[in-house]
Amino acid sequence: MAELSEAELDALVEEATVDAYDEYEQLSGFHVMIDEHLATPFQTIVLGVEVTVKKIDLIAGSGIVAICGREEHRQAIGILDLPLPTPPPEGSEWIDAYRHWAP
């Protein structure tokens, strides 16, 4: 996937936050877009261990997180801290847009 231009990222940010009145509603808008568009599950490597990203969630105090699993273990990892595989999963441009927007 080619890197998005500033204008393309701005357009995605606008789409995610179009009817949001405050920062929490904007964050919720990004959660919806990432959850709807990011193709899950997918495998990635976290701290040298292969994990499966099972779903995306919005957790108070943590923001948007990826729920990762390996065998019976589960861990929430901040979506901006999640290393993506190469090639990235479909819909990962929404993570790029969120990173572009995030303070």
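At what angle do α1 and α2 pack, and how far apart are their axes? The tour begins there, in a predicted model for which local features need pLDDT of at least 70, side-chain atom pairs count only at pLDDT 80 or more, and totals for chains, interfaces and linings use all residues. Residues are numbered from 1 along each chain as its sequence is written, and side-chain values use heavy atoms, with hydrogens and water left out.

**First stop: α1 and α2**

Select helix α1, residues 6-17, together with helix α2, residues 23-37; helices (H or I, at least four residues) and strands (E, at least two) are DSSP runs, numbered from the N terminus. The two helices pack at an angle of about 105°, with their axes 8 Å apart, where axes are lines fitted to C-alpha atoms, for helices over the stretch in contact, and angles run from 0 to 180 degrees between N-to-C directions. α1 and α2 are therefore roughly perpendicular to each other, given that angles under 35 degrees count as roughly parallel, over 145 as roughly antiparallel, 65 to 115 as roughly perpendicular and the rest as oblique. Val 13, Glu 15, Ala 16 and Thr 17 of α1 make the contact with Gly 29, Gln 26, Phe 30 and Met 33 of α2, contact meaning heavy atoms within 4.5 Å. By class these residues divide into four nonpolar, three polar and one charged; Ala, Val, Leu, Ile, Met, Phe, Trp, Tyr, Cys and Pro count as nonpolar, Asp, Glu, Lys and Arg as charged, and the others, Gly among them, as polar.

**Second stop: α3 against both helices**

α2 passes α3 in a left-handed crossing (left-handed if the near helix is turned anticlockwise from the far one by less than a right angle, right-handed if clockwise). Among the residues of α2 that meet α3 are Leu 27, Phe 30, Met 33 and Ile 34, and among their partners are Trp 94, Ile 95 and Tyr 98.

In the loop between α2 and β1 (42-46), select Pro 41, which a cis peptide bond joins to Thr 40, with omega about 0°. A cis peptide bond also joins Thr 86 and Pro 87, with omega about -5°, and Pro 87 is found in the loop between β4 and α3. Leu 47, in the loop between β1 and β2, has a positive phi of about 50° although it is not a glycine.

**Last stop: the second largest pocket**

A pocket here is an open set of points on a 1 Å grid over the protein atoms alone, where a 1.4 Å probe fits, with protein on both sides within 12 Å along at least five of seven lines; lining residues have an atom within 4 Å of a point. About 160 Å³ of space lies in this pocket, the volume being the space filled by probe spheres set on the points, which are joined across faces, edges and corners. The largest share of the lining, four residues, comes from β4.
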